Amino acid sequence: MKNEKHLIALDLDGTLLTDNKEISNRTKQTVLTAMKEGHVVVIATGRPHRASIDYYKELGLNTPMVNFNGALIHHPSDRTWDFAMHTPMPVKTAHTIIDACYELNVNNILAEVMDDVYLDTFDRDIIDIFQQTKNEPPFIIGDLKQKLTEDPTSVLIHPKEDHIHELRSHLNDFHAEIIEHRKWGAPWNIIEIIKKGMNKAVGLKKIADYYNIPQNRVIAFGDEDNDLEMIDYAGVGVAMGNAISELKSISKHQTLTNQEDGIGIFLEEYLNIKVKTV
């Protein structure tokens with residue numbers, strides 16, 4: 001079975017990328033060899049399209065991509081792809097959440113409508129996080145209740161450290177039926193919110209069906225809580241060595257860290273890939 005076509009889903013931060021936000025040479029060569037041998041490689045990330053496309057191009061991909069943790073499923077190389085899906089949350093819901101954030105006096109709030117970015121209060125550090133590539137558009141800065149008039153793909157909250165639990169409890173108590181929320185890893189305790197029912201597994205299943213690849217031949221790599229559903233769904237769900245304990249506990253396999261070529265080493269062994277040294 002390992003010689004049959006597999007779908008390989010790669011999370012970016014903490015997984016495919018090193019801590020320097022680069023793809024290591026060994027992992028890159030292994031992924032490229034897997035593609036040459038007929039396997040299908042896709043990116044599945046919480047990042048928006050604009051912050052993922054450079055890695056997509058670096059790997060020479062021509063496949064669909066999962067962005068915003070499943071709220072956007074599209075094909076960067078084929079705008080006519082019939083399976084594309086954008087599932088934003090209602091702007092009314094976003095405004096209600098923004099009101100709660102104002103009451104808690106959070107540090108800042110950010111909303112994304114596809115690749116348009118709205119920031120409630122100017123913050124150089126936040127801007128630097130989201131403008132790390134040449135693809136970043138200028139931010140629209142100002143009161144989100146006034147500026148945000150479209151259904152957002154995601155809402156991101158930068159709470160004060162002592163308000164994280166209170167804010168997440170509020171989201172669970174008042175919005176659990178209509179939104180999903182996840183917390184970024186350190187050092188940024190950002191809470192990211194998307195519409196209920198959206199996660200990476202939704203996008204991965206859609207792509208697997210498109211390529212007619214069965215679930216038992218889906219390999220997925222991840223490290224954070226936004227990878228839980230994807231790792232659980234994949235027939236070969238792999239937690240990175242640096243993954244959170246909850247992800248490791250549900251994964252079927254574990255590999256080395258993102259700093260130790262965890263993806264490359266696992267694929268070489270699992271798919272019996274022989275990589276030519278470069």
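**Cavities and a helix pair**

Modeller: Gladly! The structure holds three cavities of 30 Å³ or more. This is a predicted model, where local features need pLDDT of at least 70, side-chain atom pairs count only at pLDDT 80 or more, and totals for chains, interfaces and linings use all residues. Residues are numbered from 1 along each chain as its sequence is written, and side-chain values use heavy atoms, leaving out hydrogens and water.

Biologist: What is the volume of the largest cavity?

Modeller: Rolling a probe the size of a water molecule over the atoms shows where empty space is left. A cavity is a set of points, on a 1 Å grid over the protein atoms alone, where a 1.4 Å probe fits but cannot get out; lining residues have an atom within 4 Å of a point. Here the largest cavity has a volume of about 70 Å³.

Biologist: Which residues line the largest cavity?

Modeller: Among them are Asn69, Glu180, His181, Ile193 and Glu229. Strand E10 (179-183) and strand E11 (191-195) each give two or more residues to this lining; strands are DSSP runs of E with at least two residues, and helices are runs of H or I with at least four.

Biologist: At what angle do helix H2 and helix H11 cross?

Modeller: Axes are lines fitted to C-alpha atoms, for helices over the stretch in contact, and angles run from 0 to 180 degrees between N-to-C directions. The axes of H2 (residues 25-36) and H11 (residues 262-270) cross at roughly 40 degrees and come within 7 Å. That makes H2 oblique to H11, as angles under 35 degrees count as roughly parallel, over 145 as roughly antiparallel, 65 to 115 as roughly perpendicular and the rest as oblique.

Biologist: Which residues of H2 meet H11?

Modeller: With contact meaning heavy atoms within 4.5 Å, Arg26, Thr27, Thr30 and Val31 of H2 meet H11 residues including Ile263 and Leu267.

Conventions:
On a 1 Å grid over the protein atoms alone, a cavity is a set of points where a 1.4 Å probe fits but cannot get out, and a pocket is an open set with protein on both sides within 12 Å along at least five of seven lines; lining residues have an atom within 4 Å of a point. Grid points are joined across faces, edges and corners, and a volume is the space filled by probe spheres set on the points.
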